[in-house]
Amino acid sequence: MVMNEIEQVDVGRGVGDALLAGCVGLFPHVRLRVRGQCMSPEINEGERVLIVSTSLHTPRVGEVVLARHAEGLRLHRLVWKWPVLSGRLFWLTKADRSRFCDPRIAPGSVLGTVVAVESPGSVRRLGKGRLHRAAQSFAEGLWTWSRGRLGLEGHA
């Protein structure tokens, strides 16, 4: 029997991130319990998510992904996949409840895609309306950024 669900691990953030990244790389999917409200109402604190490895599913714009950022691993929405002028690819993620996009990341920083959310007594598949959610989230981040650049922050 192969166990690919860990109920709780109490280790430092760096060790926990490395352990989770290793599990996503070794197993076709992992389940984890969500901490935080940054993806609410789509994913709420305490719910479990089923994450499929990028080796089995290529992340698409609008999907919620597990990504490695400088601050650690994050479950955020993939809102942009585009080559920069140099021809190097970069992707942007954003928490649904955040005003700004995360710093850009390399495609290899995305470890897996959330395909289902499990609550007590129910399982929800994700994916429906993903492009709309990505466009809305990206537009909100762009609007906030441009208002700040133009000095309009705080004006109605």
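Biologist: Okay, so buried means under 20% relative accessible area, exposed means over 50%, and partly exposed is in between (1.4 Å probe, protein chains only). Buried or exposed, what's Arg77?

Modeller: Arg77 is buried, with a relative accessible area of 2%. Keep in mind that this is a predicted model, where local features need pLDDT of at least 70 and side-chain atom pairs count only at pLDDT 80 or more, while totals for chains, interfaces and linings use all residues. Residues are numbered from 1 along each chain as its sequence is written, and side-chain values use heavy atoms, with hydrogens and water left out.

Biologist: Got it. Which residue does Arg77 form a salt bridge with?

Modeller: With Asp96, and their closest N and O atoms are 2.7 Å apart. A salt bridge here is a side-chain nitrogen of Lys or Arg within 4 Å of a carboxyl oxygen of Asp or Glu. Arg77 sits in strand β4 (residues 72-83) and Asp96 in the loop between β5 (89-94) and β6 (110-119), so the pair ties together parts 19 residues apart in sequence. Helices (H or I, at least four residues) and strands (E, at least two) are DSSP runs, numbered from the N terminus.

Biologist: Switching topic: which residues touch the most other members of the largest nonpolar core?

Modeller: Ile43, Val49, Ile51, Val64, Leu66, Leu75 and Val114, out of 19 residues in that core. α1 (13-26), β1, β2, β3 (64-69), β4 and β6 each supply at least two of its residues. A nonpolar core is a set of buried Ala, Val, Leu, Ile, Met, Phe, Trp, Tyr and Cys residues joined through side-chain atoms within 4.5 Å.

Biologist: What is Val114 in contact with, leaving aside neighbours within four places in sequence?

Modeller: Ile43, Val49, Leu50, Ile51, Val64, Leu75 and Leu126. Contact means heavy atoms within 4.5 Å.
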